[in-house]
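Please look through the sequence and the model shown here before reading on. The report below goes from charged pairs to the chain as a whole.

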Amino acid sequence: MPVTVLLVDDEPLVRAGLRAVLDAQPDIEVVGEAADGASVIPLVRQLRPDVVAMDVRMPLLDGIEATRAVLRTVDSPPKILVVTTFENDEYVYQALRAGADGFLLKRARPSEIVHAVRLVAEGETLLFPAAVRALAAEYGNGQARAALQRAALTEREEAVLRLMARGLTNVEIAAELIIGTETVKSHVSAILAKLGARDRTQAVITAYESGFVSPA
């Protein structure tokens with residue numbers, strides 16, 4: 001089955017460009033478009049996309065609030081890929097904190113756009129880990145420290161979280177720690193549950209903001 005995508009951007013040319021790139025792939029299908037975040041929830045419920053590629057800045061409802069609304073009101077919500085002009089934008093970081101799974105630069109090459117959609121759909125690695133580190137260093141406030149302490153991660157779970165923060169996939173983590181891939185998946189699931197994180201991105205942000213992992 002192809003990865004289905006909903007495009008949300010107030011610029012028609014941006015939507016047209018993303019559609020042209022993504023629809024050219026045999027394993028990706030654009031199933032709908034919207035010009036503002038206010039239209040996202042009904043379209044998500046109707047179309048059930050795997051990924052929403054959503055502009056972070058829109059006139060009526062921006063990508064941050066639209067992300068919060070989707071995750072709060074939609075059962076089994078899609079992955080959310082924030083589309084932005086500047087990777088160090090505070091809006092991007094707030095969208096990631098709100099629950100977005102990753103971000104995509106509007107100036108990205110076609111191959112990078114396709115890679116970002118596939119990676120976010122799979123959910124087994126962190127998209128642009130270096131940029132997330134930089135954002136955490138600039139905008140992180142340390143409020144996650146108590147959450148990490150309450151999580152009481154085991155030594156092995158801490159090791160897995162550090163490797164997740166470096167952007168490693170489950171297979172790469174398994175090779176690094178010399179354990180099975182299924183064991184890694186179990187550890188990742190436990191980490192997310194203990195931290196109350198929706199996905200890897202949220203867990204890694206908590207790790208940086210708490211000071212558990214250094215952005216440097």
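## Terms and a first pair

A residue counts as buried when its relative accessible area is under 20% and as exposed when that area is over 50%, with partly exposed in between. The structure described here is a predicted model, and in it Arg-198 has a relative accessibility of 31%, so Arg-198 counts as partly exposed. Its partner in a salt bridge is Asp-199, with 3.5 Å from N to O, and Asp-199 counts as buried because its relative accessibility is 6%.

Salt bridges that share partners also form one network, which joins Asp-9, Glu-11, Asp-55 and Lys-106.

## Inside the network

Another salt bridge brings together the side chains of Glu-209 and Arg-97, at 3.1 Å from N to O. It too links distant parts of the chain, with Glu-209 in helix α11 (residues 200–209) and Arg-97 in helix α4 (residues 90–98), 112 residues apart. Glu-209 counts as buried, at 7% relative accessibility, and Arg-97 counts as partly exposed, at 31%.

## Charges over the chain

Side chains of opposite charge can pair when their charged atoms come close. The structure holds 14 salt bridges. The chain has 29 negative and 23 positive side chains, and the centres of these two sets lie 4 Å apart.

## The chain as a whole

Eleven helices and five strands make up the list of secondary structure elements in the chain. The radius of gyration is 17 Å, close to the 17 Å that the globule rule gives for 216 residues, and the chain is therefore as compact as a globular protein of that length. Along its principal axes, the C-alpha trace spans about 50 × 35 × 30 Å.

Of the 216 residues, 50% count as buried. The accessible surface comes to about 10,000 Å², and carbon and sulfur atoms hold 52% of it. Among contacts with a separation of 6 or more, 68% are accounted for by residues 24 or more positions apart.

How values were computed: Residues numbered from 1 in each chain as written. Predicted model: local features only at pLDDT ≥ 70, side-chain atom pairs only at ≥ 80, totals over all residues. Heavy atoms only, no water. Helix = DSSP H or I, 4+ residues; strand = E, 2+ residues; numbered from the N terminus. Rg over C-alpha atoms; globule rule 2.2 N^0.38 Å. Buried < 20%, exposed > 50% of the residue type's maximum accessible area, 1.4 Å probe, protein only. Contact = heavy atoms within 4.5 Å. Areas by Shrake-Rupley, 256 points an atom, 1.4 Å probe, with all protein chains shown as cover. Lys, Arg positive; Asp, Glu negative; His and termini not counted. Charge placed at Lys NZ, Arg CZ, Asp CG, Glu CD. Salt bridge = Lys/Arg side-chain N within 4 Å of Asp/Glu carboxyl O.
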